[in-house]
Amino acid sequence: MNRLLLNKIILILSTLSAVIGIGFLFWILITLSYKGITSLHFSTFTNDLVGGGIRNLLVGQFTMALMASAIAVPLGMMAGIYLREYSNNGKLASVIRNLSDVMMSAPSIVIGVFVFALFVDPFGGYNSWAGIVALAIMMIPIIISTTDNMLALVPKELREAGIALGGSKHKIILQIVIKAAKVGITTGVLLSFARIIGETAPLLFTSANNQFFTMDLTEQFPSLTVSIYNLATYPDAESRELAWAAAFVLTMIVLCINLLGRYMTRNKK
Amino acid sequence: MAKNNIIMDIKDFDFTYAGVDDPSLKKINLPIEKNKITAMIGPSGCGKSTLLRAMNRIHDLYPGNTYEGEINLYGSEGEKQNILELKKENDFIKLRQKVGMIFQKPTPFPMSIFDNVAYGLKLAGIKDKVEIEERVKKALKDAAIWKETKDRLNKSALGLSGGQQQRLCIARAVALKPEVLLFDEPTSALDPISTGAIEELIAELKKDVSVVIVTHNMQQASRLSDYTAFMYLGDLIEYDKTENIFLNPSEKLTEDYITGRFG
Amino acid sequence: MLNKNEQKLREVREKTAEILEDLMISQKLALQAIEACDSKSFEQVKVPLKTINKKVDDVDNLILSIFALYSPEARDLREMVAFLKMTSSLQRIAMNEKNYMKNMEICNPESGEDMRRVIKESLSINRCTIKALEYTVEMIHETEDKDKLKDLASKIDVENSKTDDIYSLIEKDTLQRMHKDHLINEEMLNLLKYIRKNSKIIDRLEDISSRLIFARIGGKL
């Protein structure tokens with residue numbers, strides 16, 4: 001009798017927790033959607049921040065994220081390939097893996113401050129390059145880790161089969177192993193992109209923000225996330241509304257990228 | 001010594017894995033007859049796969065292994081080459097084009113069926129499209145898989161069944177026209193019907209290549225092979241014509257294994 | 001399952017059929033020789049029998065290697081066991097034939113009219129034996145049609161019964177005459193013995209046919 005009762009209690013408690021968790025999620029989403037959609041106008045997408053819109057912010061955020069990817073993806077992938085294919089699991093490899101894991105959980109604001117000291121102060125002010133570097137620093141460990149793990153999933157027989165046909169190591173890695181891990185690695189890249197596109201702290205004192213539309217990377221650069229941070233604290237209702245709109249748009253972007261990632265890994269037979 | 005009926009010759013071969021104290025193979029002496037099927041049998045851990053993998057130097061992918069002795073490969077003019085002396089990557093590549101290997105798990109590359117079979121040819125530097133096409137077609141026919149694949153050469157090889165994938169791996173190896181084919185338990189991951197098809201294929205192949213097959217299935221060894229080597233704990237216990245091993249083995253250890261008295 | 005396996009099974013059948021055909025040739029030659037009562041051609045009869053022992057050994061070793069290499073099952077297993085037992089029957093038939101020919105040397109143009117008459121009558125047994133040998137060879141080659149196999153087996157059975165009948169008649173007739181004549185003819189009694197031993201051959205053929213039925217159709221050995 002006792003066991004049955006205990007069973008029921010645990011079942012109820014766990015279901016309740018799940019419901020509460022999901023409930024909060026839905027509450028956030030619903031609030032966000034409601035407040036966001038009602039604040040969206042056509043002009044939100046055609047005007048820059050100076051005109052009450054988010055056009056330059058979207059372009060700016062994407063630009064920096066893409067530039068950061070251009071740096072982080074090759075570096076991260078090559079490091080991941082080195083770790084898995086060349087390093088023979090020696091001491092250096094485990095040091096790199098540990099460091100990479102630590103970096104993944106480093107507070108983003110610390111990264112921001114670090115980049116501020118290196119790339120903002122000596123260069124005389126906020127600039128987009130600094131922001132890009134900060135974002136890249138955040139992306140690299142994630143890509144190293146996913147590349148490393150996805151390559152580990154490729155069975156060693158596949159490599160051996162390529163070698164047994166007379167292939168050299170680098171050819172096998174490029175033409176067979178990476179192809180075999182293609183989906184996993186791409187998903188890793190996509191997910192790390194989704195991660196950094198929603199970051200605020202690394203950009204806060206590196207590229208800061210810009211009301212106007214600009215593509216000049218040596219200046220302060222428009223950022224969606226930093227704008228939300230600023231707009232939310234302004235007293236006027238318009239700013240708050242714009243903050244909601246921006247938050248909603250950002251959430252939708254991140255959601256879509258995540259769904260894309262899932263779609264790409266769906267083809268598991 | 002006229003050795004025109006022997007294609008490979010293993011002499012006093014010792015092998016020790018990296019980081020291990022005791023050798024996994026001790027003073028192995030084994031001839032591989034040309035155009036015949038040589039089977040290696042023995043309980044798990046006896047070293048048969050280790051020996052097989054030494055024959056195309058695939059152990060060299062993993063550093064730290066040590067070995068002694070000779071493994072000689074005989075060319076068409078009778079010239080002898082100790083493959084244990086090879087050091088340069090190019091030499092390794094040439095060796096593996098002469099001595100191919102098929103693994104236990106079918107390993108199709110993530111590309112089309114055609115590209116899979118053509119891969120080795122491209123690695124060897126063959127560029128002529130017509131030649132590649134012809135050799136791919138012949139290889140698929142020799143591997144008895146042409147009919148099933150001729151209408152989907154451009155589809156992914158991953159869409160084939162397990163038995164078909166293994167035959168594709170055989171086609172891939174055969175396309176290079178090797179002298180020796182090494183099979184590492186090629187049917188242990190397959191169902192009985194695919195196993196039968198592959199055994200028939202291997203029996204056909206011995207017209208053109210010399211075959212060495214590692215198997216834990218004694219009936220497979222007795223059905224297929226001309227010569228059998230029995231190994232136990234790193235030693236070669238007995239090597240003889242298959243009929244003698246299974247009817248009249250000389251060593252008691254061999255007899256105990258064959259009659260199932262130990263595993 | 002492999003071609004090699006099939007080939008070897010076929011070889012066993014063919015070699016066994018060959019032995020039976022040798023025995024058949026020998027029987028036919030014997031029939032001719034005894035009809036002519038010509039003791040010179042008796043030597044000819046033994047010729048096909050000289051190689052039988054070696055041929056039987058070949059078949060035995062072939063079967064042994066099939067067991068060792070191919071682990072036959074079900075039908076193949078029954079067939080190989082059946083043939084393994086057949087070879088000893090075949091060896092004994094060869095022995096029977098040799099001894100019969102040796103003993104039949106009493107048949108020559110000088111022997112008595114009675115002897116020659118009885119011998120002539122006993123030749124029907126030889127003819128039945130030859131028929132049975134033919135049927136046996138057919139059975140070996142017939143691997144598929146079960147009805148045909150049963151048919152052939154019963155034909156062999158029929159020939160066997162015929163030889164029993166023929167022998168009983170000869171025996172009764174001979175013993176009656178002896179009783180009438182109050183004469184016990186040693187020679188004649190020996191002749192009966194030889195004839196009886198000769199009809200053992202067809203008994204063995206019936207054994208062989210029942211083993212073939214076991215191999216091809218099933219049941220117990």
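Biologist: Among contacts in chain A between residues at least 6 apart in sequence, what share joins residues at least 24 apart?

Modeller: This is a predicted model, in which local features need pLDDT of at least 70 and side-chain atom pairs count only at pLDDT 80 or more, while totals for chains, interfaces and linings use all residues. Residues are numbered from 1 along each chain as its sequence is written, and chains are lettered from A and ligands numbered from 1 in the order in which they are written. Two residues are in contact if their C-beta atoms, placed from the backbone, lie within 7 Å. For chain A, the share in question is 74%.

Biologist: How many helices does chain A contain?

Modeller: Helices (DSSP runs of H or I, at least four residues) and strands (runs of E, at least two) are numbered from the N terminus. The C-alpha trace of chain A spans about 70 × 70 × 35 Å along its principal axes. With zero strands, the number of helices in chain A is twelve.

Biologist: Which element supplies the largest share of the side of chain B that touches chain A?

Modeller: This contact takes 23 residues from chain B and 16 residues from chain A. Helix H2 (89-98), strand E6 (99-102), helix H3 (113-123) and helix H6 (162-174) of chain B each supply at least two residues of that side of chain B. The side comprises 14 nonpolar (Ala, Val, Leu, Ile, Met, Phe, Trp, Tyr, Cys, Pro), four charged (Asp, Glu, Lys, Arg) and five polar residues (the others, Gly among them). The largest share, four residues, comes from H2(B).

Biologist: Why does Lys138(B) count as partly exposed?

Modeller: Lys138(B) lies in helix H4 (residues 129-142) of chain B, and its C-alpha atom is separated by 9.2 Å from that of Val174(B), 36 residues apart along the chain. A residue is buried if 20 or more other C-beta atoms, placed from the backbone, lie within 10 Å of its own, exposed if 12 or fewer, and partly exposed in between. Lys138(B) is partly exposed because its count of C-beta neighbours inside 10 Å is 16.
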